Structures are given as structure tokens and as C-alpha cells.
Amino acid sequence: MAVSQQLEKTEQSKRVGFIYLSQEDCIRAGGLDMDGTLEAIQKSFELHGRKEVIQPSKPVIRWGGPETEETRGRIMTMPSYLGGDLDVAGMKWIPSMPENPKKIGQPRASAIIILSDPHNGFPLAILDGTIVSAMRTGAATGIAAKYLANPNSRTVGIIGAGVQSRTQLMAVTSVFKNQIEQIKVFDLNEEKTKQFAKEMQGELNVSVIPASSAEKAIRDSDIVITATMSTFPYVNGEWLKEGAFHSEISFWDTAPQELVHYEKVVVDDFEHVKHHGVDVSYRAVRDGFIDESNVFNLGDIVVGKVAGREHAKQKILFNPIGMSIHDVSEAFRVYNRAKSLGIGQDLPLWEHPHWL
Ligand SMILES: NC(=O)c1ccc[n+]([C@@H]2O[C@H](COP(=O)([O-])OP(=O)(O)OC[C@H]3O[C@@H](n4cnc5c(N)ncnc54)[C@H](O)[C@@H]3O)[C@@H](O)[C@H]2O)c1
């Protein structure tokens, strides 16, 4: 081999590249396959329960106190590493700008995820994280419902007709396949509620009807979901029927004092919940309405360290802060699928490192 060829080969072997996946690429690679997402999220809860993850608390940029997250917005940074057979690291950068839908006709949340090889540290992929994030949030409620809702659940009451509510319903109807008979939805925006009900009924093949109030959506529902940008509490714990499972993924819908109506409170990671200092499960403990010893991590329930639902009459609240390990697990699933299908753009980080 000529010296120049040899040199070229050495140069080439120093290239570091990664795959870039746009939102459209993620969708083509199965990003909207809720059964797949549920598997990825089940896996991350198992690893969390077995303590095979590394997940530092998330730094949040905000322009004021916690309450300004629902008005001015925030940017969260969420890194983690998952062990076991996943063996992957990653990070989600996720701004939330509440005015976007009204002001510029764009979603509130937009995200970018980086996946890294934990052995050489190089990026594997940079991808749109908006779909991954919404899908994993739905799936977290789905997995929680599998362990905490009554197995014969048939009705769902959901508050909020935004982006997250879509994946919440996709997940619950995937977990309780052909079992959910009716979904009631309430949003402050009546037009949006009607449109959402129509679209989701078509997508899920389940009756989805608009409710005229949050109370009407919540009463008599086996599964209750609150997923809004509410700046004030409106849930009355007494509205929930005996045995109801309630997933509150947003922050201000239920007031801390209402948590006395729930027999069990489950989160995804209470250390993270405390660090963020916004979720109602944290405020209810801080203000003395419930005891921290009655707050459990779902991963511990998933691996059998802690009991899930113990009897049919228990009212249970799930209040996840949202974990990076879910984003990384789901993004890794989509990335692997994209790779096997040849989807995405191969981009260089460098062709040859400038400094060594
Ligand atoms: N815990 C998690 O892991 C997690 C993950 C993602 C998003 N979230 C949270 O989920 C929430 C919803 O996000 P989204 O993307 O669907 O937002 P979105 O802006 O798409 O939709 C929010 C909806 O809430 C409605 N709303 C506001 N106040 C209401 C009230 N009092 N009663 C009924 N409806 C009301 C709005 O009209 C809007 O339709 C946000 O608070 C977000 O921070 C949590």
C-alpha cells in the first residue's frame, strides 16, 4: 500500500460520527408505536428498581419561582446512564414555553436528545426528543396503571386536551387492550376539547366524549389523568370513586391537602421530586398532609420490593416528575430501529481530531 493511501486510511479511521434523526425520522422508525414505548419504559423502571441506573437530579433554568414554569416557562437538562443489557448514556434538553401554542402556533415543549456510548464517550445519535418525551410520559402512566389501577378498569376521565393527553390515552388503552369503554375529557378550551375528543375517538376506536367540567370527567372514572398547564388547583379528592387510580403528570391541578384522600402515593423517584420542589407529592409531604413513608417509587413496585395495589377499594395517586432514564431508554429503542432500517443522517463530529 502506498504511503499516501496508508495515511488516508489512518485519517479515515479517526472519524467520529453519529446519526441525526429528525422528528419525521423518529416517527418512521416506530416512534409512535406505544407497545414498543411501554416495553422501553417497563425496562427503565426495572433498572431503576434494581438500582442499575445513574441519574443526577435535573438542573432547571427558570425565570422566577416554581410557579413561573406555567407562565414564563423553563428549560430542563436531564442526563442519565442505564446499565443492564442497555448500557447506554444520554441526555434530554427540553424547553417548555407555555405561550408557544397561542402565540406562534407551535407546541409548548420541544426537545433534543443526545445518546452516547458510555465506553468511549462518543455520540451515537442526536435526535428530536419531542415525540420520545411525549411517548415516554404516556407510557409511564401506562406502566403505573398496570400495577396500580384496578385490573377491570373500564372508564377514563382526563383533564387537559393538549399534547401529553394524547399519549396518556394511547398508553392506557394499550395496557388495557379492548377493555376501556369510555373516555371523558375536559379542557378549559371548549373548542380544543371537542376536536381532541373527535380525533382520539377515531385514533383509539373508543368512545371519547367532552365533559362539561373537571368534576364530571373525574366522577365515576376508574382511571383519572390530570395533564394540564393549570396555574390553580381544581381537583377535589372526594370526586374520585372508590378504587380509582389517578395519574397527575402536571403540577398544580391537585392541592396538597387533597392527598389525604389517597391511600397510597407513588412517584417515579422521590429524591428527584424533592429536588424539583414543585410536584404536589412533594408539597403535601412538606406541608405535613402526608408522611414521606407513604410515598413509594414505582420501580420498587415493578421489581416486587414494595406492594402495588393491595385491594380494589384503594385510591392511588401516581405523580411522576419525569425521569431521564425513560427518555434515554425510549430514544435508544428508536435509534436502534432507525439504524436497522437505515433511517437518519450520518453526520461527522470530526473527520480527524484537531487535538489529541
Ligand atoms: N411529569 C412528566 O413526566 C411530564 C412530562 C411531560 C409534560 N408534563 C406536564 O404535562 C402538562 C401538559 O403538557 P402538554 O404538553 O399537554 O401541554 P399543552 O400546552 O399541549 O396542553 C395543556 C392543556 O391544558 C389546558 N388547561 C390549562 N389549565 C387547565 C385547567 N385548569 N383545566 C383544564 N384544562 C386546562 C390548556 O387549555 C391546554 O389545552 C404540563 O404541565 C407539562 O409540564 C409532565
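These legends describe an overall view and several close-ups of one predicted model.

The model is predicted: local features need pLDDT of at least 70, side-chain atom pairs count only at pLDDT 80 or more, and totals for chains, interfaces and linings use all residues. Residue numbers start from 1 along each chain as its sequence is written.

**View 1. The whole protein.** The protein has twelve helices and 16 strands. Helices (H or I, at least four residues) and strands (E, at least two) are DSSP runs, numbered from the N terminus. The radius of gyration is 21 Å, close to the 21 Å that the globule rule gives for 356 residues, so the protein is as compact as a globular protein of that length. That radius is taken over C-alpha atoms, and the rule is 2.2 Å times the number of residues to the power 0.38. The C-alpha trace spans about 80 × 40 × 40 Å along its principal axes.

View 2. The domain assignment gives domain 1 (18-132 + 324-344) and domain 2 (145-318). Such bounds come from an automatic or database domain assignment. The domain centres, taken over C-alpha atoms, lie 22 Å apart. Domain 1 brings 16 residues to the contact, and domain 2 brings 19 residues. Two residues are in contact if their C-beta atoms, placed from the backbone, lie within 7 Å. On the domain 1 side, helix H3 (residues 34-49) gives the most, with seven residues.

**View 3. The shell around the ligand.** The ligand is surrounded by 29 residues. A residue counts as near if its C-beta atom, placed from the backbone, lies within 6 Å of the molecule. The closest are Gly162, Gln164, Ser230, Ser250 and Gly322. Helix H6 (residues 163-175) gives the most to this shell, with three residues. Domain 1 and domain 2 each supply at least three residues.

**View 4. Helix H5 against helix H12.** Helix H5 (residues 130-148) and helix H12 (residues 324-341) pack at an angle of about 115°, with axes 9 Å apart. Axes are lines fitted to C-alpha atoms, for helices over the stretch in contact; angles run from 0 to 180 degrees between N-to-C directions. From H5 come Val132, Ser133, Met135, Arg136 and Ala140. They meet His326, Asp327, Glu330, Ala331 and Val334 in H12.
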